[in-house]
Amino acid sequence: MEYIYESAQRSYEDFASGRVLYNAKGTTSFPVRLASEIVQRCFHILEEKGTQGPYTLYDPCCGGGYLLTVTGLLHGQRIRRVVGSDIDAEVLNIAGKNLSLLREEGLEQRAEQLKELLELYHKPSHQEALQSVARFRELNRQSSVEETVCFQGDITDPDVSLDSCKGTHIVITDLPYGDLVSWGGESKEPVQALLDAIHPILDPTRSVVALISDKGQKLKHDQFKRVQHFKVGKRQVALFEPL
């Protein structure tokens, strides 16, 4: 694939899971450069439709909230609200902590934890993490994020409640691949069920959906128009507009 918005290589070590962002056991992180590229493509699609930010962002398979948090830190000036849900109630505790880093109070709480660890163990890694916190503060000063929300829900369940997601402009999610993380619901066609569930909360003129998966999953639905598709490494990425 060709990177359009993240064409220049740079370091993303500030965003390493477990450094400042909280690490959720049994969940995956996500390539930061790719996350930034995908969401900027979503911004462009919305802007071409005449829909300006700040936007509401929703991840229905958020796990520990890594993808949402990285996106919110890098592009907070274009985001107003961040929503995450997952079938696994246990990982949502970590997701909530990660999303709290998008607000001043949550970032300061994390800084205090890292200071205590530095005093106890005198590890260079804790000092480096505090330097990352300082850079996150600068990002958050430019941010438009007003609210973060996490809730438990099986996005493949036809009865799942998505009241918290009304007004969503961008759905972005890294679908379970079946290795470290797998689909936890009972649906035999989880991708179709996910798209069935989110369609009612989307405005055809003001929304876009980005699905990331392994190359084996079929990313299509008769109520969505695929507007972009590309492959990178072992992943495929498809961007959709609802019909």
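Helices (H or I, at least four residues) and strands (E, at least two) are DSSP runs, numbered from the N terminus. This is a predicted model: local features need pLDDT of at least 70, side-chain atom pairs count only at pLDDT 80 or more, and totals for chains, interfaces and linings use all residues. Residues are numbered from 1 along each chain as its sequence is written, and side-chain values use heavy atoms, without hydrogens or water.

**Stop 1: H221.** Select H221, in the loop between β5 and β6. H221 counts as buried because its relative accessibility is 8% (buried: under 20% relative accessible area, 1.4 Å probe, protein chains only). A polar atom of its side chain lies 3.0 Å from the backbone nitrogen of Q223. Now show its contacts (heavy atoms within 4.5 Å). Leaving out residues up to four places away in sequence, H221 touches Q192, L195 and D196.

**Stop 2: helix α6.** Select residues 190–198. Seven of these nine residues are buried, so α6 is largely enclosed by the rest of the structure. The buried ones are P190, V191, A193, L194, L195, A197 and I198. Their cover includes β1 (55–59), β4 (170–174), β5 (208–214) and β6 (224–232).

**Stop 3: the nonpolar cores.** A nonpolar core is a set of buried Ala, Val, Leu, Ile, Met, Phe, Trp, Tyr and Cys residues joined through side-chain atoms within 4.5 Å. The largest has 52 residues; F15, V20, F30, I38, I170 and I172 touch the most other members. Helix α1 (residues 32–48) supplies the largest share of this core, nine residues. A second, separate core has 24 residues, including L194, A197, L202 and A238.

**Stop 4: I38.** Beyond its neighbours within four places in sequence, I38 contacts F30, I172, A210, I212, F230 and V237.

Technical notes:
Buried < 20%, exposed > 50% of the residue type's maximum accessible area, 1.4 Å probe, protein only. Polar contact = N/O pair within 3.5 Å; in protein donor to acceptor, adjacent residues only side chain to side chain.
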